[in-house]
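Here is a short briefing to read alongside the model. Have the sequence and the 3D view open, and follow the topics in any order you like.

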Amino acid sequence: PCSPFTSTPGMSELRQRKKESKAEEKSEGKEAKPAEGKGTEQTEIGTWIAWGILLVPMIILPAGACAYAYQNYGVNFFIPESWQYLSHTPEYWQKEILAKKTVVMVGGPHRGGTTLLWECLREHPDIANFGSQHQTASDLSEGIFLQDVYPNFGIGHEIAQSDWRRRRGGMGQFALGKEEWVHLLEDHRLVTEYNQARLLNRYGYFWNMSKPVLLEKSPPNAVISRFLQALMNLNVPGGYQDGEGHSPVKFVFITRHPIANAMSHKSWQQCKYMPMSVLVANWVAVNKYMVEDIPKLQFAKLIRLEDFQQDPDAHLEELFKWIGLDVSKWSRGKSVIADTNAKYQREYCSWLKAKPNHRVEHEAIKEQFGEEIEKLGYDLASYECT
């Protein structure tokens, strides 16, 4: 029992236990590794989900904005404006285009029938026009928003302007600004050959230049017609200068009853809360400038929307002959609503009866503008709503 060799079996057992312990540790390590890998995988999935939550809106929102822009303004919205110009020289425009073609410009108060008249005129196959808003990327296909030669004001641009800019212009009140801002004349500093070519190169990009008549529509043409006539006639061979020659540009103006016009303005968000007195004052200012300028224009016609709607074909036939077009090429029968003022008359009567101060404002409008309105061919009797 006391022999030194009796400890050998105990040592062997200890070694065996150590081996078994190491084996168990290795086994546990192998089992732990998959658990560690699974946790890492879950972390990576969570990271990707978080990135997805951040990136998806960053992709969807711009894509949605682009889709909206394309739907409303077409492919030209995405083409740099500097690419949307012809490259003709002033001399080329003067001798090869303006001396041989006719430019027709439509104008009048906003919401006064300019778009309807433009749509009817462009039905003639010999008239080149800008096309739809989707084709031009311009609000209501108005030329004033395509160019950068002279001030632009009206539908669209004033929405993005500061309050200070809006006070100077904008739909429903643009003609109430200082006359030098609004009423551009033939002696304006912007009447230059450079501006003539720049304007026409911009418009020409959208016109079919093979046609004999080139059509443009912008309501503010009503207050800048003398400036436009001077610009279009500058250095044109045989052009209209100092009461002599033949102008390549002809103006067609259209207007409507001031109360119907004001109520039509109020259907647009940017004019919804404007006082009736301001909207009527703007109408009076636009029409006064327009009527005062017509004698200074070699070719100009003024149409009332109410008359045009009653017999559009007769008015269009007269206009096409006046422009110099073959009436037989034109297909008659475009559908035109006979009286769009009736709706606004009903709305105005409801507005008058809604609050006592509305009747007070109506009486103030009569007192301040009644005489001017009568001079311009309208009266307020049908809008008394008694």
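Where does UniProt place the feature "transmembrane region"? The unreviewed entry puts it at residues 48–70; UniProt positions follow the numbering used here, feature names are shortened, and annotations may be inferred rather than shown by experiment. This is a predicted model, in which local features need pLDDT of at least 70 and side-chain atom pairs count only at pLDDT 80 or more, while totals for chains, interfaces and linings use all residues. Residues are numbered from 1 along each chain as its sequence is written, and side-chain values use heavy atoms, with hydrogens and water left out.

**Confidence and the annotated segment**
- The protein chain has an average pLDDT of 86, and 85% of the residues score at least 70; pLDDT is the predictor's confidence in each residue, from 0 to 100.
- Residues 1–8 stay under 50 in pLDDT, and the model gives them one contact (heavy atoms within 4.5 Å) beyond four places in sequence.
- Residues 156–167 also stay under 50, with 13 contacts beyond four places in sequence.
- Over residues 48–70 the chain is 100% helix and 0% strand, and the end C-alpha atoms lie 32 Å apart; helices (H or I, at least four residues) and strands (E, at least two) are DSSP runs, numbered from the N terminus.

- Seven of the seven residues of β4 (residues 249–255) are buried, where buried means under 20% relative accessible area, exposed over 50%, and partly exposed in between (1.4 Å probe, protein chains only).
- Both faces are covered, with V249, F251, F253 and T255 on one side and K250, V252 and I254 on the other.
- β4 pairs in the parallel sense with β1 (residues 102–107) over five bridges; strands count as paired if DSSP finds at least two bridges between them.
- F251 in β4 is the bridge partner of M105.
- β4 also pairs in the parallel sense with β5 (residues 300–304) over five bridges, and I303 in β5 is the bridge partner of I254.

**Salt bridges**
- There are 17 salt bridges in the structure, each a side-chain nitrogen of Lys or Arg within 4 Å of a carboxyl oxygen of Asp or Glu.
- E142 forms one with K217, their closest N and O atoms being 3.4 Å apart.
- E142 sits in the loop between α4 and α5 and K217 in strand β3, so the pair ties together parts that are 75 residues apart in sequence.
- E142 is buried at 1% relative accessibility, and K217 is buried at 0%.
- In helix α12 (residues 312–323), E317 and K321 are four residues apart, about one turn of the helix, and their side chains meet in a salt bridge of 3.2 Å, N to O.
- E317 is partly exposed at 22%, whereas K321 is exposed at 53%.
- R359, E363, K366 and E384 are linked in a salt-bridge network.
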